[in-house]
Amino acid sequence: MFNETPTTGPGHGAMLDILARARPDRLKQHAETLLTTMGEINVIANRTGLVMVPMRDTVKNVDFHLGEVLVSEAHITDAAGHVGYGMVTGRDLERAMAMAVIDLSVAARGQDDATASFLEQERTHRAAADEERMRQVEATRVEMETF
């Protein structure tokens, strides 16, 4: 389900990753434009909660739980049974619902040009932000000599 390869655009898992990291205002705005063309939506869940953060100990090669993180989750369906899901870190139920609306729209009708453009813009923006952060981290690296 999450790694299905659509005929165009990113796979489902990659799309959810882009949506979860998208700029909140743009995400909500795009979801609002999609809502005008969608029919009735049934909300299955719209809640906050804690989820465990898994990590891997690379020395012992075992998984462990680092701690918990607060998330907002939305799970919706349409009359035809298509499912939309959204989960984001923090307490922002509107953002999780916007993510679920976009996911439901793609599940029900496929990826339209506006959504494909939105996803590409957000992917590009996040890649540039990640690259800038890595440049900032690299600037703090200290070379040490050992004797």
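Thr-58 counts as exposed, at 67% relative accessibility. This residue is found in the loop between β1 (41-57) and β2 (62-78). The model is predicted. Its mean pLDDT over the chain is 90. The salt-bridge count comes to eleven. One of these bridges pairs Arg-26 with Glu-122, and this pair ties helix α2 to helix α4.

**The loop between β1 and β2**

- The C-alpha atoms of Thr-58 and Leu-70 are separated by 26 Å. Along the chain, Thr-58 and Leu-70 are twelve residues apart.
- Asn-61 lies in the loop between β1 and β2, where Thr-58 is also found.
- Asn-61 counts as exposed, with 53% relative accessibility.
- The phi of Asn-61 is positive, at about 60 degrees, although Asn-61 is not a glycine. Most residues other than glycine have a negative phi.

- Side chains of opposite charge can pair when their charged atoms come close.
- Arg-26 and Glu-122 meet through their side chains in a salt bridge, with an N to O distance of 2.8 Å.
- Arg-26 lies in helix α2 (residues 24-35) and Glu-122 in helix α4 (residues 113-139), so the bridge joins parts that are 96 residues apart in sequence.
- Arg-26 is partly exposed, at a relative accessible area of 27%. Glu-122 is buried, at 3%. The cut-off for buried is under 20% relative accessible area.
- A network of salt bridges links Arg-23, Arg-26 and Glu-122.

**How α2 and α4 pack**

- The axes of α2 and α4 come within 11 Å. They cross at roughly 175 degrees.
- Angles over 145 degrees count as roughly antiparallel, and α2 and α4 are therefore roughly antiparallel to each other.
- On the α2 side, the contact involves Arg-26, Leu-27, His-30 and Leu-34. On the α4 side, Ala-114, Thr-115, Phe-118, Gln-121 and Glu-122 take part.
- The residues of this contact divide into four nonpolar, three polar and two charged.
- Arg-26 and Glu-122 are among the contact residues, and these two also form the 2.8 Å salt bridge.

**Other salt bridges**

- Which residue forms a salt bridge with Glu-120? The partner is Arg-123, with the closest N and O atoms 2.5 Å apart.
- Both Glu-120 and Arg-123 lie in helix α4. They are three residues apart, about one turn of the helix.
- Glu-120 is partly exposed, with a relative accessible area of 38%. Arg-123 also counts as partly exposed, at 40%.
- Glu-138 forms a salt bridge with Arg-141. Their closest N and O atoms are 3.0 Å apart.
- Glu-138 counts as partly exposed, at 43% relative accessibility. Arg-141 counts as exposed, at 52%.

**Confidence**

- Of the residues in the chain, 93% reach a pLDDT of 70 or more.
- Where does pLDDT stay under 50? This stretch is residues 1-7.
- For residues 1-7, the model has seven contacts beyond four places in sequence.
- Where pLDDT is low, the predicted coordinates should not be read in detail.

Terms used: Residues are numbered from 1 along each chain as its sequence is written. This is a predicted model: local features need pLDDT of at least 70, side-chain atom pairs count only at pLDDT 80 or more; totals for chains, interfaces and linings use all residues. Side-chain values use heavy atoms; hydrogens and water are left out. A salt bridge is a side-chain nitrogen of Lys or Arg within 4 Å of a carboxyl oxygen of Asp or Glu. Helices (H or I, at least four residues) and strands (E, at least two) are DSSP runs, numbered from the N terminus. Buried means under 20% relative accessible area, exposed over 50%, partly exposed in between (1.4 Å probe, protein chains only). Axes are lines fitted to C-alpha atoms, for helices over the stretch in contact, and angles run from 0 to 180 degrees between N-to-C directions. Angles under 35 degrees count as roughly parallel, over 145 as roughly antiparallel, 65 to 115 as roughly perpendicular and the rest as oblique. Contact means heavy atoms within 4.5 Å. Ala, Val, Leu, Ile, Met, Phe, Trp, Tyr, Cys and Pro count as nonpolar, Asp, Glu, Lys and Arg as charged, and the others, Gly among them, as polar. pLDDT is the predictor's confidence in each residue, from 0 to 100.
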